[in-house]
Every structure is written in C-alpha cells, then in structure tokens.
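Reader: I have a model open and want to know what stands behind its labels. Please take me through them, one at a time.

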Amino acid sequence: MTKAAKKPRKKSDDKVANDSLLTSGHSLKELSNSVNQEEDIFREPSVFDNLLKALGSGSEKLATLYKKRQLEQEGRSDSEEDKIATFESASLSEEEDVGTGSVSESSLGDAEEDDLGEHGPADMLEQTEEDETGDEDGNSDAGDSQDLEISGQTILDEPESTRFSFHRHLGHILTNEEVDELMKNKWKFKWELPAISMPVSRWAGTGDQVSMETNSDQNYGLMQKLYNHWLDIYKTSGFSDFDTSRQRFFFSLCSSYRDILHCNKKPFYLKGNEEDSSIMDAYIMHALNHVYKTRDLVIKSDAKLAKHQEGNKEEVLRGGTFLDQGFTRPKVMFILPLGSIALRVVKRLIQLTPISNKANVEHMDRFSEEFGTGDVEDDDEQKDGSSKSQKPAKPADFQILFGGNNNDHFMLGIKFTKRSIKLYSDFYSSDIIVASPLGLITKIGEAEVEKEKDVDYLSSIEVLIIDHADVITMQNWSHVNTLVEQLNRMPFNQHGTDVMRIRPWYLDGHAHFYRQTILLGSFLNPDMNALFNRLCVNHAGKVKSMTEYKGVLPKILLEVRQVYERFDAPSIAEADDARLDYFCKKVFPKIKDSIEGGIMLFISSYFEFVRIRNFLKSQNASFCLLGEYTKQSDISRARVWFFEGKRKIMLYTERAHFYHRYKIRGIQNLIIYSLPERKEFYPEIINMLDGSKNMMCNVLFSRFDHLRLERIVGTSAAKRMLSSDKNIFVFT
C-alpha cells in the first residue's frame, strides 16, 4: 500500500467492478458481452471545514480562518472571542508566471527576471489586464474581454462551443446521482464516425456525438495566439487543408475533454511519421491550451483580488467566485517510454509554443545533452572479432526506435512564464511533468519510504497523456496502473495553496472524475483496455478508435504451413492454465523425443516463459533460454548450442525480440506458444524458418486471444476462427 493510500479519503474506484478484459473496442458488435453533501449542520463539518482544520495544524493563518468559520456557523461574532487576525490572502502569482496560483515556497525563488515574489498588491494594480494576458504584440485572445459566472466561478466570455470545452468541463459540479453512475463503470458507445485518412477505422463514443463540421471562426476552442501559431506552422509545412485534416479533428476530440483510447495509430518508427506527428501535434496543442487557459483565469482573478482592500479580501473569497485552482500547480502530465521519445515531444512542444512566450528556453543545453542521441546497445556476439559496421543490420524500425537515447528512467518538470519556458523546474512550480513510468514509480516509492518526501504534485493533474503505450507494454505495464491510481489523491501538505480558491470538486475527492486521460499506441491489449474501462472515469465521457485489420500473413516470404490449434479456456483467469495444459498434453509429447532438434518455442510473456521453463526442467528436456533477463554471455552460448544441435529446444520471448531483434539460426520446427502482441513480429519469426526441411509452424490460441489474432490473420478470419466448430485451421 502506498503512502497516499493510507490517508482516509473519498475514492470512486473502491466500488468499481472488474471489467472483462476481453472487451477490445476493435470489434464492437462481436464483443458486446463483454455531491457534495455539505450542509449547514453545526455538528457535522463539511469537507472544506475538515480540510481547513487539517491544514490549519501547520498554518496559523488557516487555523485562524477555520476558527472564524466555526464562529460564523454558530451565529457568534468576532467580539465574543479573542481578536482574530485578519486572513491574509496568499501572495499574488508571478507577473510573468503562467501558473495556477498554487505555488509552493520552493518555486518562489527559482525565477530571476520573472519572479515577482517580492511584489505586493500595489505592484499588481499598476499592471493593466492587457499586460497580464495579452500577447507582446498587443493582440489579446478573442473573447477574453468580458467575464461571467457559471457554477459559482468567474470564466471568460467565449462562444458557446469553445467555452464548454475548458470552463464548463472544469466548472461543472457533479451531483450524487452522476457520481454513482460514474462509479458503475458502465459505458454505452452510442455513436460512430469515420476516421479521417484511415479508411478501415472509425471512432465510437459516449454522450453527444462529436461534430465533424468545421468552425474555424471559433478557433476550435484554442486561444487566438495558439491557433495563429499552429496554423502558421501547418501552412509552413506545405499543407493547406487544416480544417479537414486528421490533426484538426483529433484536436477537436482532445478539446472535448473526453477520455480517448486511440491504439491503432501507426508509430513514427514504422513508416508512420506523418500520422504519428499529426496526432502528437494535436495533443501538444491541447496541453498548451489547457495550461495557458488555466494561467489566464488565475491571473485575471489575481488582478481583481488586488483591487480589494486587504480587510475584505476574505469576504470576497468566501463568495465562491474565484474557485480556479487545484491543490498543486502541475496540470498536465506526459507519460513516455524512452528518453528519445521525450526529446521528440518536448522539442515539438517548444516549437508549438508561440514565439512571444519562448523568448528564452532555460536549460535547453542540459536537456539536449541528457536526452540526446546515444549509441544503440550492441548485443549480438562477435566471436570473429568483426567490427560493428560488418554486423548484419537490425531492421529499420529497430534502428529508428532505439537509435537515440534509450533511457527509460526520467522525470522532467516544465514551467511556462509569459516570455520563457523553464526546463527542469521544481515539480511543484511546473505546469507540465514529462516522465517515464519507471521514473515516476521511483518517486512514488521514495515517498513511501522517506517521510520528508511526497508526490502531492500528482494531486491536481487534469490532463494525462500516455503516448506509445505499445512500447510501455514491453517495459512494465503494471507501473502505469500504479501511477494512474496514484493521481488525484488528497495531498498531505498545503504547498502554498490558497485554500479559498480550490475548486469544490477537488475538496469533495472527485478530481479523478475531471481528469482527461488520452491513451495512445499502435495496438490494443487487455491491459490497456482494462485501464481505460476501470481507471478512466471522466464525467465528459469516452471516445475510442476501432479498426478492421487485414492481417500480416502476406508479409511471410516463405511457403510455410501454419497450423492454428484452438484450445478451450473457461475464463480469462483460467486461460494461462488451459494453454499450459494443452501444451503439456497435446504438443510436448510430439516433440519430446525429437532427434533432430531445432525446435523453437516463441512465448509472448515472461510469466509463460517461466512456467514452460519449469515444465521442461521437470521433464529433463534438452533446452536453452533466450529471455529478456538472460545474461549476454548465456545468450551467446545458447544460440551456438541451438544452432549446433547441442540443445534441442530454445525458449524465446517477445520482449527479448523487441529489445534485441535476434535472427535465430537452426530452426527446424517453430511452435508459437502465444501470439506476439506486435503483429510485425509474426512474419519476422516465421521467416526465420528459412533453411528448415519441413517449413511448418504450430500456433496455439484461444478465444481470449482475439485482439492479437485479428491483427495477424485479419479481423474477418479471426471471427471465423473463434466462432467455428472446428479447432484446427491451416494457412499456407
């Protein structure tokens, strides 16, 4: 149990039912099986009162405020008690800073020319609203000139369609009935739309249907300066159809603040650079838009509060018209698998930031050095002493993906000010956090062990973007589940937050209902699907992509007889046991007495790898291992033994192939114990039979392998194989 989990709090997922991992989103028709109670009761304090009381233990000002609220609730005046010090509002946000106003003490000293920690209300009054929110060329964002109030908070006067995206999503207060419905985790995808530039794909969603109509007059919900800069970059790249582009449409999905599952995008390393980049640009613009809109709302509130005398600020704040903050400042988080991908995303984020807001990018040299290009690890043995240049080249996609920085342990804070971008900022003073799953899990682990550390900066994340989820599955997906469960928890400390300006749904423990999660990858698996169904409970709804697959069988260059054998499994929980039982009783007896050898068992997961290894040991079989945790010296020895026939069976895992892309020699008989997640690996493995005498491959599968099966043999063929009365299927 994590440190934060020990703290009493409201948590919606305590009642969440376990969703069937079979539900995929790729074949909707086939897989269809698959309030705030704060009252005026003196004896029962509200959540807000409890928070004030808790925080008051470490703050004299907050303790005074809590005592004053108690007096008011009991109908007594200040004169009946000792004189209570006037509540002083938190220091104003930095003049140049685009923060949320929830600035920790540690952040007040990290700025130089932009830091206004010493400025008081008089300094703020000297600045005009245009100085605070406008661009340096004098152009302010459209629709930002007037204010109105919705749900008890001040918002900007924007057109209806654009205003809903940001202000109404965050300003909406959930009722008890809505919370109960969200906790049931029952989502009905009511509509479908064709996916732009993706003929065999479509979008499905809950709630009202997303409109495909263009309305550029309203900038698609983007702030004017962001829209103009993005459009200029788009045109500079040689494109002219922005209103109908994939990029623009995906941004409209993001700006609806719904949870998004898009796990069939073509990654940049598989000749999908244009598609991948367009999606990346869209979610980066959405992240920037969220950060800058949050900043403008807070700075406008600061300016108004500065006009009030110190004595009546408390009364103004108590009116509930300045609820514009979370517990801490960070609002956006990127989860990325590798340092090279983080480099790609952060560089593009800087490019997409308007020129007036990036006159200075601090610590860019350090960032380029730490996340820049590194050498690909050279894993293959070179017994003949040949140089690297003489080695057989790895596949092109491997070189692109692993040709840069392969570090999977990093965490970076990014802070935006009016004229600069600060990399490596303190997490509590950052607007965006970029991290790998392992990097963040390390921080969470440290907070559990060391009392002086915490991860409260995860408490107010409102936009979570997980890109290249398919690569993360080759690392450790359980880290993603852990970190998502850690988000939006009640913080342990105040961290300089102005409690009177915290949005009410934060205090009610409903922040996870407002967090938007965007999950992106090149394929979907049950783990991703389970996270999307169980931990993504955004009140705005969900959108997911669905695809009809053609399969990868045409990419097999050899005439290999592929025999698919279906075994029965009662449930997904028993599928692994059923697979092992089928192998032990039906497959192993045919190969245990093989004289020739050359039998390779391809296994998808490490868990299955361990079970097969233990079984072969119990049978005194002649075998060798090639897994992701096998030492390099043992790998080299195993490959030689297998090629020379000294070991009859080789166990080879998908993760080992992902990280090394070995070409195994000496294969005479191939058994695919479990289909690979990555469909491009299937033809690679089959083509290793080059030189085999019988050219035959056996594949084991069950109905719970539907997602993998359809990516390899095609959607229509997979449906027939799973519904047929027969259990044996042959492809040649």
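Reader: What do the numbering and the values rest on?

Author: This is a predicted model: local features need pLDDT of at least 70, side-chain atom pairs count only at pLDDT 80 or more, and totals for chains, interfaces and linings use all residues. Residues are numbered from 1 along each chain as its sequence is written, and side-chain values use heavy atoms, with hydrogens and water left out.

Reader: What makes a stretch a helix or a strand here?

Author: Both are DSSP runs, numbered from the N terminus. A helix is H or I with at least four residues, and a strand is E with at least two.

Reader: Why is His169 called buried?

Author: Its relative accessibility is 2%. The cut-off is under 20%, so His169 counts as buried. The residue lies in helix α5, residues 160-171.

Reader: Why is the pair of Asp281 and Arg348 called a salt bridge?

Author: Side chains of opposite charge can pair when their charged atoms come close. The rule asks for a side-chain nitrogen of Lys or Arg within 4 Å of a carboxyl oxygen of Asp or Glu. Asp281 and Arg348 meet at 2.8 Å, N to O, so they qualify. Asp281 lies in helix α9 (residues 273-306) and Arg348 in helix α11 (residues 339-352), so the pair ties together parts that are 67 residues apart in sequence. By this rule the count comes to 28 salt bridges.

Reader: Are Asp281 and Arg348 buried or exposed?

Author: Asp281 has 5% relative accessibility and counts as buried. Arg348, at 19%, also counts as buried.

Reader: What do Glu485 and Arg534 tie together?

Author: Their side chains form a salt bridge at 3.4 Å, N to O. Glu485 is in helix α16 (residues 477-486) and Arg534 in helix α18 (residues 526-534), so the pair ties together parts that are 49 residues apart in sequence. Glu485, at 27% relative accessible area, is partly exposed. Arg534 is partly exposed at 23%.

Reader: Where do Glu684 and Arg661 lie?

Author: Glu684 and Arg661 meet in a salt bridge of 2.4 Å, N to O. Glu684 is in helix α23 (residues 681-686), and Arg661 is in the loop between α22 (654-660) and β18 (669-672), 23 residues apart. Arg661 is buried, at 7% relative accessibility. Phi of Arg661 is near 50°, a positive value in a residue other than glycine.

Reader: Which strands form the open sheet?

Author: Two strands pair if DSSP finds at least two bridges between them. The order is β16-β17-β15-β18-β19-β14-β20, 7 strands with mixed pairing. β16 (623-626) and β20 (728-731) each have a single partner strand, so one side of each is left without a neighbour in the sheet.

Reader: How do you know that β15 and β18 pair?

Author: 4 bridges join β15 (residues 599-603) to β18. The rule needs at least two, so they pair. The two strands run parallel. Met600 stands opposite Leu670 in β18.

Terms used: Buried means under 20% relative accessible area, exposed over 50%, partly exposed in between (1.4 Å probe, protein chains only).
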